[in-house]
Amino acid sequence: MELALDSDTARVQELFGRQRLAFRRQAPPPVQVRLDRVARLRSVVVEARERLFRAVHDDFGAKSREEFAVSEVATVVQACDHMSKHLRRWSRPWRVRTSWRLWPGRSRLHPQPLGVVGIVSPWNYPVYLSLVPLVGALAAGNRVMLKPSEFTPHTSDLLLELLDDAFGDELVGVVPGGVEIAEAFCRLPFDHLLFTGSTEVGRKVMMAAAENLTPVTLELGGKSPAVLSEDVFRPKRIHRVCVSLAIGKLINAGQTCIAPDHVWIPRRRRHDFVDAFTAAVRELYPTLLDNPDYTGILQERHFDRLTGWLREAREAGVEVISLEAPGEEFSGQKAKLAPTLLVDPPDHLAVMQNEIFGPILPIKTMGDVDEAIEGINRRPRPLAMYVFSDDRRIRRRLLSETWAGGVSVNETLAHCIEERLPFGGVGASGLGSYHGEYSFRTFSHMKPVFTRTALDPMKVLRPPYGDWARRILDWLIR
C-alpha cells in the first residue's frame, strides 16, 4: 500500500514538473489563444452536460436534472461568456497616473500569467466549483492542476477524461485521489493555490502552502445568517421572502456553502414564519421522497451527522418541526432528509456550533435588530448574509455593523452568481476572491512598470548633494 501511495505521489509531482517546464519553455499565450481555451471549455461543458449530470446523480444518489443545469452548467457557461466578452480589455496593459515628482515618466500595469496554478474543489458542486476557477486560470494564461473531491468519484473520473481530451494534461491536469494525494498536492510549489472547502481543512491547506510561500485563495464557509425585519411580515411579502429562503436553503438539500444557515426573526412572529416557510416548501416540493427535484445527502456519514444533531436538539427540549410532505414517512430513509425547523436552539448545541450543510434551518427569535447584530458578530465572520427588509435604516445598520463575505438583500444566493461581483469570504470564511474580472486578477500578476523618459529632473537629488538638493528636500518634506 505504501508503494502505491509513493507511486501516486510521484505521478503528481511529475505532472507538476512537466507543467512548470512547459510554462517556462513557451511564451505567455496571446489573448486569442486564451479565448480559444475558454471557448473550448465552454463547448466541453455544453456537449457533455448529460454525461456530467449522470455522474453527479450517481455520486449523490438523487439529483435534480434541472437544478444541476441551473447551478452547475449555466453558471459555468455564464462565467465563460463573461470572460470571453471582457478578456481582451482586461489583458491589456493600462496606464496609471504618475506622481508629479516622477514627471515626465510613465507608469503602467502589465497583467502577466502566474505560471502553474492549483485548484482543489469540493464535493457539493463538483462541476461548478472545479470549472469556474478553471475559467479564470486559463483566461489569465496559466497551466492548471485540478484536484477534485474523492467523495464524487464518478464526476472526478469524467472530468479527468473530458479535460484531458480537450487540453492535455500539460495544460490542464486532473489529479484524482484521496486525502494523501490531496496533502501532497497542496505541498507542491504552485504559483497560486485556490481551495474551496471547510474552514478546518482550509487551515491545513494554508499551512501546507506556506512551506513554499504559495499564495492562496481560500473559499470556506461558516454559519451564514438571514435576518427578517418586522416590516416583511405582510401576507404576500412574507410568502415571497420564505420562497427565497426555502430555495436558498433547500437547493442541493442545503449542501451549499452560502446556504442560509439560520434565520433571525422577530420573537412575536415565530408562528407566522413557521406557517409561511412550511407553505413555501410545500409549493416548491409537493413531495420529497420520490421528487426528482429534491436532492439527496451525499454520504451516509453526512446523513448520520445531521440526524445526530436533530436527536441532540430533541433531547435538549428544542421544538423540532419536520416538514415531511403529507403521507410521506422518512424514518429509515438513508438518501434524503426532510426539511426541518428548529425553534430557538441554544447556542451550545452542535447544530449551532457548526456549519449545518443540510436541510435544517434553526430559527433564532429576537426582540429587535440589535439582538441579531450582536448574535451575528459574536460568531466567526460568515461567507454570506441575507437581509430581508424594506426599512432602509435597518438595511444600512445590518450592512455597516456586521461582517460577511457577501450579502444579498431581499434575495438568497444572488450575489454569488453575478460575475461582476467578487465572490469570497472574510476572516474564518475565506481569504481572497474570484469570479469575472476578480478571477483574472487572482490568477495574474499585475506587474508595475515605470518608464523614464530622456528628461530626468530627479538627477538633482543624486550624490554628491549640493545646495539645490537641500532646498528641494526641505520643500518636499515641509
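**Exercise 1. Overall dimensions**

Determine how the radius of gyration of this predicted model relates to that of a compact globule with 478 residues.

*Solution.* Step 1: for 478 residues, a compact globule would have a radius of gyration near 23 Å. Step 2: the protein has 26 Å, which agrees with that expectation.

**Exercise 2. Composition**

State how many helices and strands the protein has, and what percentage of its residues is buried.

*Solution.* Step 1: the secondary structure consists of 17 helices and 18 strands. Step 2: a residue counts as buried when its relative accessible area is under 20%. Step 3: buried residues account for 52% of the 478 residues.

**Exercise 3. Strand E12 and its partners**

Describe how strand E12 (residues 360-366) is covered, and identify the strands that bridges join to E12.

*Solution.* Step 1: count the buried residues; 7 of the 7 residues in E12 are buried, and the strand is thus described as mostly covered. Step 2: examine each face. One side carries Ile-360, Pro-362, Lys-364 and Met-366, the other Leu-361, Ile-363 and Thr-365, and both faces are covered. Step 3: find the partners. Strand E9 (residues 262-266) is joined to E12 by 4 bridges, and the two run parallel. Strand E11 (residues 340-343) is also parallel to E12 and is joined to it by 4 bridges. Step 4: locate facing residues. In E9 and E12, Trp-264 stands opposite Lys-364, while Leu-341 stands opposite Leu-361 of E12.

**Exercise 4. A residue in a helix**

Decide whether His-86 is buried or exposed, and name the residue whose side chain it contacts.

*Solution.* Step 1: His-86 belongs to helix H4, which covers residues 65-91. Step 2: its relative accessible area is 14%. Because the cut-off for buried is under 20%, His-86 is classed as buried. Step 3: the side chains of His-86 and Arg-89 are joined by a polar contact of 3.1 Å.

Note on methods: Residues are numbered from 1 along each chain as its sequence is written. This is a predicted model: local features need pLDDT of at least 70, side-chain atom pairs count only at pLDDT 80 or more; totals for chains, interfaces and linings use all residues. Side-chain values use heavy atoms; hydrogens and water are left out. Buried means under 20% relative accessible area, exposed over 50%, partly exposed in between (1.4 Å probe, protein chains only). A polar contact is a pair of N or O atoms within 3.5 Å; within protein, one must be able to donate a hydrogen and the other to accept it, and residues adjacent in sequence count only if both atoms are side-chain atoms. Two strands pair if DSSP finds at least two bridges between them. The radius of gyration is taken over C-alpha atoms; the globule rule is 2.2 Å times the number of residues to the power 0.38.
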